[in-house]
Amino acid sequence: MQQPAPGPAPERPGPLAGIRVVDLSKILAGPYLTMSLADLGAEVVKVEHPDGGDPTRRWGPPFQGDDATYYLAANRNKRSLTLDLTTERGEEAAHRLLARADIAVENFRPGSSLSRTFAYQELSARHPHLVVLHLSAFGEQGPLAGDPGYDMTAQAAAGLMSLTGEPDGPPVKSGYAIGDLGAALFGLVGVTAALVERARTGKGQYLTTPLYEAQLALHVNWATAHLATGERPARLGSGHPSLVPYQAYATADGHLVVAVGNDALFRSLVAALGLPALADEPRFTTNSARVTHRDALNAHLEPLLATRPTAHWSALLQEAGVPAAAVRHLDEVYASPQTEALGMVRTVDHPATGGPLRQVAFPVSFQGVRPPVRTAPPALGEHSAEILTELGYDEAESARILGGPAS
């Protein structure tokens, strides 16, 4: 007898299945961090003010349904609960939620009433098991402590904008919010480490991850070079401070990145380009010499690379084993066979629009399986009633907390 065809493999629980997270944050760093926890299997409740919720819901156009795509980028796999945390009822409901949670993430403005109400000293007394992460722009010490800030102010104050842009041009911010995202990723490391520590000690923990600190940590080689020499780094456009050639070059129809990380690759590069004599010229034989004589080398490479299309040079250099890549636009990236092969773009039903929502999935696979995009980012307060019921409120109490008439 013919056996039925096997159905799809059952969805495996994520590595953080059973972990409960209360997301008291807004904008990007906190929501991206908590979305990552949700992607890894944690149950995340996003607590939002009833009047508009997370401000990024309105950071558009573009919009998909009622919400801006900015909000949709950082809030999937969560449930939304609306609470006015400045009221007694809202605060009490939040504490019921925190009592059963493992992690709380907040970015309350320093000195605000909510930062005092939900200070760690208060939370740890009531919920000693809780891992609490506080995100801020500049941290809790120093002359900037307490200053408000967004990603761009962190990029400016922490030096990234001084390193980004053409040498003779103005400072430029990173193309995406690396201040927020850097803090989110360091915060993700911190809270998962705190969970491991709690498994050993039984005690919660208080963590802080300022955007400013995260930017300093990401300076990496820029910082060590400055600390060793005392010199102020200069903007290099797409160039690298320690490797040459290692930058984007204009071609006849676009731009090509050439990344030469050692002297053997340099010899392969100039041989492929028909300039083998450059490999024996003292100014270019070693990387150190090439860094010193960057402009002189580029005077040979730039006019040559400008004569032919990007695809020509890309194929030529790949055949020679020299790392090279076309500078692609996002429409090209998301239409590329490589992106498709990796399965990084997932589709989920989006009830607010009655149609599909495409999302960029979590970039780590477990035994070859990528964590699923389970649910679309929630509508404001979409799950309020069911969450309050789970917390033990009856229908009349829920209505009072949510500001509606008791039935």
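In which helix is Thr 339 found? The structure is a predicted model, in which local features require pLDDT of at least 70 and side-chain atom pairs pLDDT 80 or more, while totals for chains, interfaces and linings use all residues. Residues are numbered from 1 along each chain as its sequence is written, and side-chain values use heavy atoms, without hydrogens and water.

Thr 339 is found in helix H16, residues 337-342 (helices, H or I, are DSSP runs of at least four residues and strands, E, of at least two, numbered from the N terminus). Thr 339 is buried, with a relative accessible area of 14% (buried, under 20%; exposed, over 50%; partly exposed in between; 1.4 Å probe, protein chains only). A polar atom of its side chain lies 2.7 Å from the backbone oxygen of Val 333. Residues up to four places away in sequence being left out, Thr 339 touches Val 333, Tyr 334, Met 344 and Val 345 (contact, heavy atoms within 4.5 Å).

Strand E2, residues 43-48, is mostly covered, with five of its six residues buried. E2 pairs with strand E1, residues 20-24, in the parallel sense over four bridges (pairing requires at least two DSSP bridges between two strands). Within this pairing, Asp 23 stands opposite Lys 46 in E2.

How values were computed:
A polar contact is a pair of N or O atoms within 3.5 Å; within protein, one must be able to donate a hydrogen and the other to accept it, and residues adjacent in sequence count only if both atoms are side-chain atoms.
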